[in-house]
Amino acid sequence: MSTTAQSVTQRPARSDAELQQMAKDHLWMHFARQSVMTEGPGVPIIVKGEGHHIWDSQGKQYIDGLAGLFVVAAGHGRRRLAEVAAKQAEELAFFPIWSYAHPAAIELADRLADYAPGDLNKVFFSTGGGEAVETAFKLAKYYWKIQGKPTKHKVISRSVAYHGTPQGALAITGIPAMKSMFEPVTPGGFRVPNTNFYRAGDMGAPTGSVEEFGVWAADRIEEMIQFEGPDTVAAVFLEPVQNSGGCFPPPPGYFQRVREICDKYDVLLVSDEVICAFGRIGHMFACDAYGYVPDMITCAKAMTSGYSPIGATIVSDRIYEPFATGDRAFYHGYTFGGHPVSAAVALENLDIFEEEGLNERVREYSPVFRSTLEKLTDLPIVGDVRGDGYFFGIELVKDKATKETFDDDESERLLRGFLSKALFDAGLYCRADDRGDPVIQLAPPLTIGPKEFDEIEQILRSVLTEAWSRL
């Protein structure tokens with residue numbers, strides 16, 4: 001059978017009603033209540049993206065205020081990324097990197113090592129962020145066994161932090177409600193306070209200066225290492241800006257203190273940059289924005305701007321060294337890790353970043369984005385605006401003076417019952433999240449600017465004003 005000159009199958013155009021019925025019958029959505037299809041009006045079906053806009057199956061246009069899922073950094077509809085994917089697929093659609101290699105994975109590893117700080121020179125590919133975190137967790141435990149310290153297997157992360165859904169990554173995730181249905185999970189995960197300065201008082205932390213709070217938060221990591229025993233702790237996993245809970249940036253000096261602590265107790269520092277890498281904070285790697293060098297970086301999402309799935313764990317020479325010679329191997333991997341098409345797309349996507357100065361753009365316009373969103377603090381429902389780069393959270397409160405939050409029933413009515421749908425109906429796709437206190441999260445494509453900031457602010461103002469009136 002010839003593999004050339006075959007025409008592409010022409011699939012029938014489906015009506016919205018047909019798609020809804022097929023989804024109801026067969027599609028299991030992720031992180032979603034299936035009842036919206038089985039009992040409700042159906043699910044929004046997105047059919048097209050261009051720049052920072054998306055369109056649904058009924059032809060309505062929306063601002064993509066979340067870059068898909070913190071992913072589409074270079075924007076939708078980049079033909080050159082589709083073309084490079086097709087070219088690579090025609091040349092070599094698939095080959096594993098299990099004892100073999102191919103040019104795209106080799107070149108991408110070289111490029112990521114160039115971008116990474118310090119001596120982070122070795123790249124282990126996966127297909128997504130959870131797998132990258134899982135890789136780092138397994139590697140940390142194995143590394144300490146090789147060093148003759150087999151009891152160093154525990155990991156420390158922060159309260160309300162999300163690090164992925166695989167069993168190991170789930171042990172690092174700090175959201176109890178996301179783990180209870182899967183217990184017992186992999187043992188060894190321990191939690192410390194996060195860097196939510198707005199809620200410092202609730203943690204019993206100093207509320208004076210943000211710098212003082214940062215030292216306090218970092219010192220809780222040292223306290224946990226001492227409590228569990230330094231000879232039992234393998235690694236600390238931290239996002240540069242914590243996503244879950246609503247964009248907690250690190251206080252000045254926080255990561256420098258954490259690095260000191262990790263060095264003092266011989267604990268590995270993993271910078272989980274699945275969201276923050278590749279421009280979200282205005283740098284290829286966000287650890288550069290905050291001036292620290294980790295032992296490992298986990299990354300995924302925006303590496304290809306979502307045009308093809310990929311993830312990576314980038315490790316230091318120190319961690320790689322035991323594997324460099326002899327017969328030792330890291331028996332871990334993924335069929336599609338370092339996929340030729342994904343790696344080729346990533347290289348082209350990173351070319352776009354450099355040609356269009358997307359990191360520089362984020363650094364230039366981030367203060368404008370922040371100040372535009374901060375206009376919303378005149379609303380009685382808006383308690384805090386926080387974040388960095390093109391990554392912001394807006395915390396909603398019932399009482400600004402006391403910072404009183406909403407109870408579970410109020411959150412249910414406010415977020416799921418009204419806000420998510422109302423914002424979407426108003427033309428803004430973003431996230432209304434209650435894994436911590438109720439927040440609205442924004443992480444748009446890196447190509448937007450002041451005009452779009454104003455549009456987003458106007459939609460938020462209108463919908464949040466109505467939400468307050470409904471309370």
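The lining of the second largest pocket is made up of 19 nonpolar, 4 polar and 2 charged residues; here Ala, Val, Leu, Ile, Met, Phe, Trp, Tyr, Cys and Pro count as nonpolar, Asp, Glu, Lys and Arg as charged, and the others, Gly among them, as polar. The model is predicted, so that local features need pLDDT of at least 70 and side-chain atom pairs count only at pLDDT 80 or more, while totals for chains, interfaces and linings use all residues. Residues are numbered from 1 along each chain as its sequence is written, and side-chain values use heavy atoms, with hydrogens and water left out.

This pocket has a volume of about 860 Å³. A pocket is an open set of points on a 1 Å grid over the protein atoms alone, where a 1.4 Å probe fits, with protein on both sides within 12 Å along at least five of seven lines; lining residues have an atom within 4 Å of a point. Grid points are joined across faces, edges and corners, and the volume is the space filled by probe spheres set on the points. Of the 25 lining residues, Ile97, Val123, Phe124, Tyr320 and His332 are the closest to the centre. H5, E4 and helix H11 (317-320) each give two or more residues to the lining, and E4 gives the most, with 4 residues. Helices (H or I, at least four residues) and strands (E, at least two) are DSSP runs, numbered from the N terminus.

Contact means heavy atoms within 4.5 Å; angles run from 0 to 180 degrees between N-to-C directions, along axes fitted to C-alpha atoms, for helices over the stretch in contact.

A further open sheet has 4 strands in the order E11-E12-E15-E14, with antiparallel pairing. E11 (382-388) and E14 (431-433) stand at its edges with a single partner strand each, so one side of each is left without a neighbour in the sheet. E14 is joined to the antiparallel strand E15 (439-442) by 3 bridges, and Ala432 has Ile440 in E15 as its bridge partner. Helix H13 (358-374) lies across E11, E12 (391-396) and E15, at about 175 degrees to E11.

Technical notes
Two strands pair if DSSP finds at least two bridges between them.
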